[in-house]
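The following paragraphs lead the reader through selected parts of one structure. Please keep the sequence and the model in view while reading.

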Amino acid sequence: MARRTPAESRGWHDALRELIARHAERGEPLPAALERARAADAEEPAAWAPRVATASGLPAAAGLGPATYFADLAAPRGERHVRVCTATACFAARGGRHVREVEETLGVTAGHVDEEGRTSLQAVHCLGYCYAAPAALDGIRPCAGADVADQLAGRTEPRAPVVPASDTTGSPVLLVGVENGESAWDVWRDAVADLGPDDIRDEVAASGLRGRGGAGFPVAAKWAAAADKTGAVVVGNGDEGDPGSYADRLLMEKDPGRVLAGLALACYACGALRGTVLVRSEYPEATARLRRAVRQAVADGDLAPAAGEAGPRPFVEITEGAGSYAAGEETALIARLEGGRGVARPRPPYPTDHGLWDAPTVVNNVETLAAVPWIVRHGGAAYARRGPADETGTKLVCLSERFARPGAYEVELGTPVREIVTRYGGGLRDGRELVALQIGGPLGGFLPGNALGVPLTSRALAEQGAALGHAGMVAFDTDTDPRELLRQLWEFAEDESCGACSPCRVGTRRGLGLAQETGPAPGEAYGRLARLMGEASLCAFGRRVPLAVRSLARVYGDALAGWDR
């Protein structure tokens with residue numbers, strides 16, 4: 001068979017998207033149909049996914065593609081399905097030993113189902129319990145703590161401590177709750193009554209608010225790019241995949257109304273009639289609370305009950321992810337919502353021109369949206385006075401289980417990292433030595449434990465080879481084997497690469513192979529690989545991997561010689 005040209009491939013994908021879009025308009029969306037089939041069938045996706053697609057009048061590939069791509073659909077499924085976290089905070093807590101203990105307890109290895117089909121175990125990257133690591137989900141019931149295997153076995157009671165959250169600013173933006181008897185929905189009602197969309201955009205522009213999901217793009221500029229375009233959509237990105245961060249989970253569970261009011265304000269500012277929040281499947285409680293909050297907002301008259309009744313009050317839906325870190329990238333997230341594989345797309349065109357089903361689409365992180373009601377009530381200038389002039393506002397910083405006082409802290413940007421680690425986090429538990437501090441997730445970067453004077457800003461961290469990202473902080477003490485940590489980083493990268501481009505797909509696989517070798521340090525071959533990934537990868541995922549590895553190597557020096565290229 002002749003290979004398709006790039007133009008022919010684009011035409012085929014566009015035609016498939018159009019078919020899926022027409023199906024979604026007249027019946028059950030394809031992602032929901034696939035999830036329903038997965039829950040009812042323990043076989044491999046090849047046995048049921050094509051059937052789901054063809055039953056809906058779609059090509060078999062429309063079902064098989066996403067079903068083999070997303071971890072939750074592709075993973076073997078028993079009557080009891082357990083997800084165990086293998087991400088950095090859980091790794092740091094027990095050196096990864098909890099995974100073996102869970103496997104022994106359940107009698108099944110990760111990625112498999114037992115012979116009777118009763119129990120399956122899936123390894124995942126972060127469940128949002130980094131402050132109480134290690135963690136697992138037994139169905140939708142969380143278990144967290146050093147004895148997680150005993151909890152799964154029923155030898156001890158399952159524990160899922162709530163997120164410890166504290167404000168350090170004296171005037172919180174995100175952890176504010178009800179302020180002076182006024183909720184975020186009160187801000188929304190007053191804004192619709194007294195302000196126009198331009199007024200909302202002007203206040204957000206004056207605030208200097210930037211996206212809190214990692215890219216840090218000016219929010220007002222993104223809104224302006226989609227404003228008043230026909231059919232605009234606003235997507236709340238709750239697919240918080242950076243291991244070490246649980247800020248979005250905290251906001252969606254603790255104050256879902258604030259997130260939804262921020263989404264409604266964003267819709268109003270952009271002239272969008274519809275909004276969607278995509279929530280990680282690893283956050284089942286967040287999904288449930290947001291759905292309850294939407295129903296309450298509809299009953300209170302703050303959101304439209306149906307798409308056909310939307311106006312200033314938008315119609316809002318809550319959608320669940322299916323297990324993919326890369327799908328947190330905005331173009332990959334849009335592909336997921338459309339029912340395709342969650343892979344990144346080349347830009348341009350940008351989502352604000354051609355996004356969800358080709359409609360102008362604004363994608364804002366959950367924490368970003370949660371800041372909007374405060375800005376609208378207090379004014380952009382008041383927000384701009386918080387933090388440095390070039391990077392304003394506050395940020396939720398999440399500290400992992402290794403800290404003496406783990407939890408989420410709202411801090412002003414520009415706060416020295418050392419102050420967050422020592423004053424708020426209390427240093428490491430049991431007085432242990434902090435050797436390395438990971439900031440901003442696996443692709444963020446590492447700082448030496450004795451060099452934390454850097455302020456918490458994107459620019460300052462970038463100068464140190466790290467990144468702000470979601471601002472999760474994972475601590476590593478002297479018990480951590482640097483070679484094992486390096487392998488853990490490459491395993492994450494190889495497993496979560498979306499596969500859309502060769503530099504990242506092949507590069508992460510090759511990097512993992514090198515990290516698993518026990519011989520001499522990698523040579524110039526790795527240097528070429530790192531440069532290729534950094535310069536030619538389609539999205540930030542592939543470009544960031546070599547930078548994260550380099551920062552880790554610089555922290556550990558001779559122990560990781562050759563990886564600092």
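Does Arg38 count as buried or exposed? The model under discussion is a predicted one, and in it Arg38 has a relative accessibility of 2%. Buried means under 20% relative accessible area, and Arg38 therefore counts as buried. Arg38 is part of helix α2, which covers residues 30-40. A polar atom of the Arg38 side chain lies 2.8 Å from the backbone oxygen of Leu73, and the side chain of Arg38 also reaches the backbone oxygen of Ala75, at 2.9 Å. When residues up to four places away in sequence are not counted, Arg38 touches Glu43, Trp48, Asp72, Leu73, Ala74, Ala75 and Arg77.

Val84 has Ala136 of β4 as its bridge partner.

Another open sheet has 4 strands in the order β9-β8-β7-β10, and here the pairing is parallel. Because β9 (315-320) and β10 (361-365) at the edges each have a single partner strand, one side of each is left without a neighbour in the sheet. From one strand to the next, the twist averages 20 degrees. Strands β7 (residues 233-238) and β8 (residues 274-279) run parallel and are joined by 6 bridges; Asn237 stands opposite Leu278 in β8. Helix α16 (residues 366-378) lies across β7 and β10, and runs at about 90 degrees to β10.

The last element to consider is helix α22. Its 13 residues (524-536) should span 18 Å at 1.5 Å a residue, and the end C-alpha atoms are 18 Å apart, which agrees. Which residues of α22 are buried? They are Tyr526, Gly527, Leu529, Ala530 and Met533. Seen down the axis of α22, these buried residues fall within an arc of 165 degrees, so they line one face of the helix. An α-helix has 3.6 residues a turn, and therefore residues three or four places apart point the same way.

Definitions and conventions
Residues are numbered from 1 along each chain as its sequence is written. This is a predicted model: local features need pLDDT of at least 70, side-chain atom pairs count only at pLDDT 80 or more; totals for chains, interfaces and linings use all residues. Side-chain values use heavy atoms; hydrogens and water are left out. Two strands pair if DSSP finds at least two bridges between them. Helices (H or I, at least four residues) and strands (E, at least two) are DSSP runs, numbered from the N terminus. The expected span of a helix is 1.5 Å times one less than its number of residues. Buried means under 20% relative accessible area, exposed over 50%, partly exposed in between (1.4 Å probe, protein chains only). The arc is that of the directions from the helix axis to the C-beta atoms. Axes are lines fitted to C-alpha atoms, for helices over the stretch in contact, and angles run from 0 to 180 degrees between N-to-C directions. Contact means heavy atoms within 4.5 Å. A polar contact is a pair of N or O atoms within 3.5 Å; within protein, one must be able to donate a hydrogen and the other to accept it, and residues adjacent in sequence count only if both atoms are side-chain atoms.
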